[in-house]
Amino acid sequence: MGFKGLLASTALLGTLALSGAAAADPVKVGLVSTLSGPSAVLGQHMRDGFLLAVKELNGKLGGQPTEVVVVDDELKPDIAVQKVKGLLERDKVDFVAGVVFSNVMGAVAKPVTANETFLISGNAGPSTIAGAGCSPFFFSASYQNDQNHEVLGKYAQDKGFKKVVLIAPNYQAGKDSLAGFKRYYKGEVADEIYTQLGQLDFSAELAKIAAAKPDAVFTFMPGGMGVNLVKQYRQAGLADTTPFLSAFTVDETTLPATGEAALGFYSGAAWAPDLDTPANKAFVAAFEKEYGYIPALYAAQGYDAAKLIDSALKATGGKTADKAAVRAALKKADFSSVRGNFKFNTNQFPIQDFYLVKVGKRPDGKVETMVQEKVFSNYGDAYAEKCEMK
Amino acid sequence: MRRFLLAFVLFAALAAVPAFADTAMLTLVARAMIFALAATSLGFILGQGGLVSFGHAATMGIGAYAVGILMEEGGRDALVSFPVSMAAAGLFALVTGAISLRTRGVYFIMITLAFGQMAFFVTQSLSAYGGDDGLTLAARSTVAGARWLKDPKTFHYVVLGLLALTVLVSTMLARSPFGRVLAAGRDNERRLRALGVDPYAYRLVAYVIAGAFAGLAGALYANLTEFVSPAYLSWHRSAEFIVMVVAGGPGSALGPVLGALGVVLLEDGLAHLTEHWRIIFGPLLVLLVLARGGIATLLGGRRDG
Amino acid sequence: MSATLLTITGLTAGYGGTPALFGVDLSVPMGGALALVGRNGMGKTTTLRALMGLLPPSGGTLTFDGVALRGLKPHRIARLGLGLVPEGRQIFPTLTVEENLVATATPGRSGLPLWMLERVYGLFPRLAERRRNYGNRLSGGEQQMLAIGRALMTNPRLLILDEATEGLAPLIRAEIWAVLSVLKGEGLSLIVVDKHVSALAGVCDQVAVMEKGRVVHSGPAADFAADTELVGRFLGV
Amino acid sequence: MAEALLEIAGLAKAYGALHVTAGVDLAVLPGEIHALIGPNGAGKTTLVGQISGEVMPDAGTIRFDGADITRLPVHRRARLGLARAFQITSIFPRFTALEHAALAVMAARGRTFRLLRPASSDRAAREEAVGLLEEVGLAARAGVAAAALSHGEKRALELAMALAARPRLMLLDEPMAGTGPAESAAMVALLTRLKGRCAILLVEHDMDAVFRLADRISVLVNGRIIACGTPDAVRADAAVRAAYLGDGA
Amino acid sequence: MTLTLFLVQMLNGLQLGILLFLVAAGLTLVFGVMDVINLAHGVQYMLGAYLMVTATALTGSFWLGLPLALAAALVLGLLLERLVIRQLYGRDHLDQVLATFGIILFVSEAVRMVWGSAPLAIPMPQALSGSVRLMDGLNYPVYRLVLIGAGLGVAGLLYVLVTRTRAGMLLRAGATNAPMVSALGVDINALFARIFAFGAMLAAFAGAMAGPILSVEPGMGDNLLILAFVVIVIGGIGSMRGAFVAALLVGLIDTLGRSFLTDILKLVMSASAASAAGPALASMSVYVLMAAILFFRPRGLFPAPA
């Protein structure tokens, strides 16, 4: 037996033993977010929003000392499952919160809810979980994926646009997005363009749009792709002729990069930094003070997710063992959401208001999305009736 | 002999893991072992045949999708789905290998990447099976109707057993006349041809075998995560496999195993230390190269030596 | 010929731990020409590689015009004024004839007449005819001329030729020997590795015979060439 | 020359303006040792490459045992009985001489497509390999790693590997290059012993060995055969003397 | 599908091809001449863009920022060569893959720590912010035309450099026989260091020039690196001419595939099937192209001379 071989083997065992060490007592929340790779900025907003709420509550949720274990899902579903299992088995968390992307949610929802641990979504709201796949342990502090797209579809329909071009990345969320738009828009769809995920340059697509001469363009182009599309749309001169309707494309994660190129572009959301509620004013001010940048949707939802957990634990007196009690308390949604109107539907997704927002300039010169008009009031999603929970 | 003892100690250590590990730890180790299985199959063609496949994740992903799609269509049993996974991945390797093996060196690396990317985009467009969002498995596969794989410890031992089998097969292949021809083609193809042997068929068979075992790794991985996703086929994953194999030392049967275990466990350990773990892990890889040779070369000789 | 240009004493070197040279002693006077002979595999090329720094010596001293060569990188050694015409010619195949000549050319500091393109073309008119041809499209003789011209363009004080006439047609061989005589006449020092003893004796003053990594005989080249018994012992079958 | 084993007609190969072989005609009779000599750069290496199949000719034909093999790949020619010995052996530097020979035997007998049985368990191949090593005088060195063999021993091992195919024609490319006088003599003795077992096309610089071994000699200069005949005839040929033996080397 | 649209799309393809060429040129220099597989070339592209962000912010000018960013990239390239790459000459390709993969991880993470993970922007230079009307409703930014021009300029410069200058001769000579070059008195290590740094600067130039039209974000070099490898492999490793032709080919195939493949498929299959298959096929068109080319020409379009 070589000495080095022995050394390697014991070192391996040592690693295993060390990382297998057990943990302590207080309320534990696992926060799953995307913190590396090109989309990390979304996860950063969500994490910062969540942690801000915990900080404002003096590090306590429901009056209990709280430990937040932040994990990076790397936007890889298998890595996410791995890390979530760590949260459940090793850290023995009472709640899992967060999750930016639907494909990650698709992978982690089952292990979390099957473990009878509450999963509070800070963003992703796939239709399966809103519908037939709903779970008593799943709560959404955000929205159902289709809703923001429906806002734009409704707006385009109301506004009387006769002909639109739709453009989205060629993946499930992109297809769902266009389907959501078309649920309310009944005019002519001149072209549906699917682009490659992660595409950098849209000149070819912009040329097609210009050739089609639509009344408006609707797009779902998250992250850096959206930044590129917005800038190039402006550069191609289309911004002056054709309204740009979008979801998850122009928001406070991308506006620092697009800057004034996005001025006048539309989006649909349940929240904007200038939304006029007392809770929101306080939140945005505190967030900007703490982190030095303007919060996006994801930050607001992360913030609300923490507040939701806080409200439920207050109701149970800080106890987490009685799952039925916690669930009942969560369902009440007894907290003041930065979004104002907020209550849970039967599928435990929110019923809330949705707005058309438009990129504008603040008095201090920074750009942000601003509420333009309310498109839906007390709006629930289309999948709730497929959910068998009552 | 020394290598045999090293293998014994390594597998004994892995066999002892369930005695003290929690489920999360078991999941981590199972993932490491499944990657080790895939890395071993890549290590075989890379070390023995000099064939650097940059599309290995695709064969593994196809194996995973075979399990996922079968389950969606009602085929739950591992006795059916695992062989189908291996066959599907092997078939993919056969078709793409037959074309790729016309090229050499970096051209081979890139053409295998091309086929890997094609498979990736195909899975991404499989709308019926979740497309880019991936496909959640209803449950883990049954074995002859029994729900063995559901238990993390049983699953651990199944993976461990299949990993041991893979290492054994790879070692036997390396020592067989077949393996020698493969290695001869790697070191001196001209001389081999003059002996009357065209290495093409040998390479293709090796490529298919490696693909089939990667498919097996994929089948296991689908069961571990109870989820399949196009991300399993991405070129990033293929690059990770190459890193594991090269870090561990492609020349020996245990090198890729050590490389995979080392990379997965180290990544996990560093990630617990800091969110910016890559800033440590990157230079470690550079140092590993500068310090010459992989872990296994430090520990013992090369397989064909 | 009093001053010594190159002195090698006790040179040892080897490949991968296997020694190939066991204490080689050589010297070339200023303006002198040394013939280095011996059978295949006796260490002639290895000696030249060690001299040029292409193979790090494991022991001994090498002094060129008062500068110790050991530990210097090949390009530093070459810049001191050592011009190599390597075994197998090693023409750059993707460069044209003219580019081969120009690419590594250095202006002369040797005190000897300056080598420029025109002068090389004057020496080897065949090269001028083929100046636009790529290196891998030349015949063996042309390649050999190019290799010599390329080394001359670095304006060396010592020209080292390793098997520069091997495998060439007799006429071309004769042309190369004639060129070497001219070069020597101009005061250029030479080390010539070759098998053609009588031709060597026409150009070189001294001879050193290598056997199994050592110099086993040295003396005036003409005397050696005339001694058939010696030639037979060291070079014959 | 109807009964020639190897028959080459009008073989040519050019790289750009450089005509390496320019219409080579050559015939090797069964069982003879046929030496091919010529100065470096005369085109010997290219010709050997063309015969073995590594270099495809621009024009001309190669017939082996009556069959046209001009376009056959290397391994197919090897299977027909055209074996080639290289200048340097060691497919695996750490494999022993015996293992090298055994691989050659297994390759020749088509027993290499065995996936899971250790190569060392093929008894028949092993015995045959031992016999081959005895034949070339390497029996005592069977267990030595190929990299540790002396230069001459490596050449002998090359011969053993070539013989494993039971060839009808062996292409020997400079077997004496870089060997000492004793090793040279041993190689000459070995080749003398092999005489008659198969035809040998011997490419060699060592004139002494060539004139001692060869039944016939062909002289290649500037891509053409300028003379072909018995050693005495070639020695007496004026053109050969002028072109090749000129300088009294 | 009008002729105008087709021509506009050709122009778009040309522009993508030019961008690819700028990245691939450095890669093929380093690979072809030094025989080093440098996976870190993609992060050098990214670094160029980030350096440009800082340089334009510091100087307040695109034109002052560009040379500053390029100089910084050059220095970082020299540093990287001295610290790591120099140790990799003559090593196994896989060692190079492993080490440069480590560099990718390090640089990407360092960039994220320094500049944050949010996408950033480089303001477009005022003088080039205009546009040309190419077809009804579509303006083509002058900047993109300048980018095409700059790329063609660099290609021309490289051509002259490689074929006409002594540095280019040494580069070609070093690619085939480095020891001989050094035995003729040229410091081959210094030559290699300069080539590497120059390659790094070319990549940085591509990143800096792409900044005003693309977002500057972590990981922006990953996919481009793979495409650049596709380009040099299609072109034939070490061939600058091959890299140029292949870059334009890849740019055109990719752009035309994205633009017209779905419409073409609609001619032969149902609209829904076409819109499902079209984008997927368009995404893989570049890879299909590479596989096809390597099938018929296993060493690329312009294989290096033997």
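User: Which residues make the contact of α9(B) with α10(B)?

Analyst: In this predicted model, B:Met244, B:Val245 and B:Gly248 of α9(B) meet B:Gly255, B:Pro256, B:Gly259, B:Ala260, B:Val263 and B:Val264 of α10(B). By class, six of these residues are nonpolar, three are polar and none is charged. Gly counts as polar.

User: What describes the packing of α9(B) and α10(B)?

Analyst: Two packed helices are described by an angle and a distance, both taken between their axes. For α9(B) and α10(B), residues 255–273 forming the latter, the angle is about 115° and the axes are 7 Å apart. The crossing of α9(B) past α10(B) is right-handed.

User: At what angle do α2(A) and α12(A) cross, and with which hand?

Analyst: Helix α2 (residues 40–56) and helix α12 (residues 297–316) of chain A cross at roughly 35°, and their axes come within 7 Å. The crossing of α2(A) past α12(A) is right-handed. Among the residues that meet are A:Leu42, A:Met46 and A:Phe50 in α2(A), with A:Tyr298, A:Ala299 and A:Tyr303 in α12(A). The contact of α2(A) with α12(A) comprises twelve nonpolar, three polar and two charged residues.

User: Why is the pair B:Arg278 and E:Glu109 called a salt bridge?

Analyst: The criterion is a side-chain nitrogen of Lys or Arg within 4 Å of a carboxyl oxygen of Asp or Glu. The closest N and O atoms of B:Arg278 and E:Glu109 are 3.6 Å apart, so the pair qualifies. One salt bridge is the count between chain B and chain E. Six residue pairs are in polar contact between chain B and chain E, both residues at pLDDT 80 or more. On the side of chain B that touches chain E, α5 (105–124), α9 (235–248) and α11 (278–290) of chain B each supply at least two residues. The element that gives the most to this side is α5(B), with eleven residues.

User: What is the area buried between chain B and chain E, and how much of it do carbon and sulfur atoms give?

Analyst: The size of an interface is often given as the accessible area lost when the parts come together. Between chain B and chain E this buried area is about 3,600 Å², and carbon and sulfur atoms give 80% of it. In the contact, 39 residues of chain B face 43 residues of chain E. Of the six pairs of chains that touch, chains B and E have the most contacts.

User: How many salt bridges link chain A and chain B, and what makes B:Glu240 and A:Lys76 one of them?

Analyst: Five salt bridges are counted between chain A and chain B. For B:Glu240 and A:Lys76 the closest N and O atoms are 3.5 Å apart, within the 4 Å limit, and therefore this pair is a salt bridge. Eleven residue pairs between chain A and chain B are in polar contact, both residues at pLDDT 80 or more. The side of chain A that touches chain B receives two or more residues from each of α1 (3–19), α3 (77–90), α4 (102–114) and α7 (172–184) of chain A. Its largest share, ten residues, comes from α3(A). This side of chain A has twelve nonpolar, 14 polar and eleven charged residues. The area buried between chain A and chain B is about 3,600 Å², with 58% given by carbon and sulfur atoms.

User: Why does the salt bridge of A:Asp201 and E:Arg144 join two chains?

Analyst: The side chains of A:Asp201 and E:Arg144 meet at 2.9 Å, N to O. A:Asp201 lies in the loop between β8 (188–195) and α8 (203–212) of chain A, whereas E:Arg144 lies in helix α5 (residues 142–164) of chain E, so the pair joins two chains. Over all chains, a search of the whole structure finds 60 salt bridges.

User: How do you know that chain A does not touch chain C?

Analyst: Contact requires heavy atoms within 4.5 Å. No contact joins chain A and chain C, whose closest C-alpha atoms lie 26 Å apart. Chain A and chain D do not touch either, with their nearest C-alpha atoms 22 Å apart.

User: Where is B:Phe92 found, and which residues does B:Phe92 touch?

Analyst: B:Phe92 belongs to helix α4 (residues 78–100) of chain B. Leaving aside residues up to four places away in sequence, B:Phe92 touches B:Ala58, B:Thr59, B:Ile62, B:Gly97, B:Phe115 and B:Ala119. From B:Ala19, B:Phe92 is 73 residues away in sequence and 39 Å away in space, C-alpha to C-alpha.

Key: Residues numbered from 1 in each chain as written. Chains lettered and ligands numbered in written order. Predicted model: local features only at pLDDT ≥ 70, side-chain atom pairs only at ≥ 80, totals over all residues. Heavy atoms only, no water. Buried area = accessible area lost by both parts, 1.4 Å probe. Polar contact = N/O pair within 3.5 Å; in protein donor to acceptor, adjacent residues only side chain to side chain. Helix = DSSP H or I, 4+ residues; strand = E, 2+ residues; numbered from the N terminus. Axes fitted to C-alpha atoms, helices over the stretch in contact; angles between N-to-C directions. Left-handed = near helix turned anticlockwise from the far one by under 90°.
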